[in-house]
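Please read this briefing with the sequence and the structure side by side.

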Amino acid sequence: MLPRRQDFGMKKSGGPRNSPVINFRTTVIPGSVRRSSAVLPSVLTFLVIVASGGLLLMIEKGMLSSMETPPPRGTGKRQEFMRQVGRLSPGAEDVDSQILQEIRNRTIRSMCSQKNMPHSIMSLTPLQRKTLLQHILVNDQYHFLYCYVPKVACSNWKRVLKVLNGVLESVDVSIKMDHRSDLQFLSSFKPEQIQYRLKHYFKFMFVREPMERLLSAYRNKFGEIKSYQKKYGVEIVKRYRKTRAKDATVKGDDVTFAEFVRYLLDTDAEHMNEHWMPVYNLCQPCAVSFDFIGSYEHLERDSEFVLQRIGAPPHVRFPERQTWYKPVTTETLHYYLCTLPHKLLRELLPKYILDFSLFAYHLPNTTTEHCRH
């Protein structure tokens, strides 16, 4: 049986953060949203004030025109190689990106410094710690940790890791991706080895607009993957369609988005499937001081930054999107959210409020006027 709804909340303990985290989008948090979590509106308001204050201060002091673009980190050979093939241009980071990075740094530092937030992996509950360690991939040769987030290009990053490990000759090798074999997970190490790597290795992750990621998971898993239709779809249909509760012919291949959302509302975040579990629960960015948080919206640029930073060989590149890939367009997301009963959306957003606030994504506009257009 699928787990029933539990109170939204996590065990947390305080502690400061001082690790740089990078992103390229602003945070805009509209008016009050009904919350079923312990994340109070006052905390979110505080974050917005801090973030906005940083931008206003920079504008006031004329820092927009005086800031210089830092050179990309990484090996000179790789930078020169990428320029030759036309995939890297000098000064690729513009001034606006630097300002937004600073806003995001302030936001995460402010949120994670709250007394209820975890300050290390030992502050997490056993379940939270298990989930985290099972989602961090390790590369000892290039000394980095990658927290993978399903539906945020993690399959392609796993290809990159397998190339770096020498398992694949190229990211273009046509094989079905095995998400477990030939990969090293942080959960396989002893406690002292885990702490050493968390302290000394370069740590990164990638995030995506929360509702877009959710919709991508819904369309992929319930529209294409029979194992998910059988494991989750059948139970969802039987639970939320009273006329089908005892129907043995249910296949689970016609789950509506509204039914999927109702299932999410009845499931505790910590017990969700990884494809729709909030990113915060997967990677615990307050317990782990990530050095870089890339954006799905700037996937190619951010991935190249990471490859430079870890010193990857020039021939190793991030894979291009496959021709069969079906992106979630702005119009598609707009349609699904605007046709969702407003009550469900109001209850859904608090489930992912930390993903919105920590990773600098604005809440979706689903007002009647906006949806009409």
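With -75° about the S-S bond, the link of C112 and C286 is left-handed, and the sulfur atoms of this disulfide, a term that here means a pair of cysteine sulfur atoms within 2.5 Å, lie 2.0 Å apart. The model is predicted, so that local features need pLDDT of at least 70 and side-chain atom pairs count only at pLDDT 80 or more, whereas totals for chains, interfaces and linings use all residues. Residues are numbered from 1 along each chain as its sequence is written, and side-chain values use heavy atoms, with hydrogens and water left out.

**Disulfides**

- A disulfide is a covalent bond between the sulfur atoms of two cysteines.
- By the distance rule, the count comes to three disulfides, and with bonded cysteines counted along the chain they follow the pattern 1-4, 2-3, 5-6.
- Because C338 lies in helix α13 (residues 330-339) and C371 in helix α16 (residues 368-372), the pair ties together parts that are 33 residues apart in sequence.
- C338 is partly exposed, with a relative accessible area of 24%, and C371 is partly exposed as well, with a relative accessible area of 22%.

**The sheet and its surroundings**

- Strands of a sheet pair through backbone hydrogen bonds, either parallel or antiparallel.
- Four strands form an open sheet in the order β1-β2-β3-β4, with mixed pairing, where two strands pair if DSSP finds at least two bridges between them.
- The edge strands, each of which pairs on one side only, are β1 (136-139) and β4 (292-295).
- Strand β2 (residues 144-147) and strand β3 (residues 202-207) run parallel and are joined by four bridges, and L145 stands opposite K203 in β3.
- Helix α7 (residues 191-200) packs on the sheet, where it touches β1, β2 and β3, and its direction makes about 75° with that of β3; contact means heavy atoms within 4.5 Å, while axes are lines fitted to C-alpha atoms, for helices over the stretch in contact, and angles run from 0 to 180 degrees between N-to-C directions.

**The nonpolar core**

- The largest nonpolar core has 98 residues, of which W157, M205, F260 and W276 touch the most other members; such a core is a set of buried Ala, Val, Leu, Ile, Met, Phe, Trp, Tyr and Cys residues joined through side-chain atoms within 4.5 Å.
- If its neighbours within four places in sequence are left aside, M205 is in contact with residues including Y146, C147, C283, F292 and F359.

**Salt bridges**

- Side chains of opposite charge can pair when their charged atoms come close.
- The count comes to nine salt bridges, each being a side-chain nitrogen of Lys or Arg within 4 Å of a carboxyl oxygen of Asp or Glu.
- D140 forms a salt bridge with R197, and their closest N and O atoms are 3.0 Å apart.
- D140 counts as partly exposed at 26% relative accessibility, whereas R197 counts as buried at 11%.
- R241 and E259 meet through their side chains in a salt bridge (2.6 Å, N to O), and R241, D254 and E259 are linked in a network of salt bridges.

Methods:
Helices (H or I, at least four residues) and strands (E, at least two) are DSSP runs, numbered from the N terminus. Buried means under 20% relative accessible area, exposed over 50%, partly exposed in between (1.4 Å probe, protein chains only).
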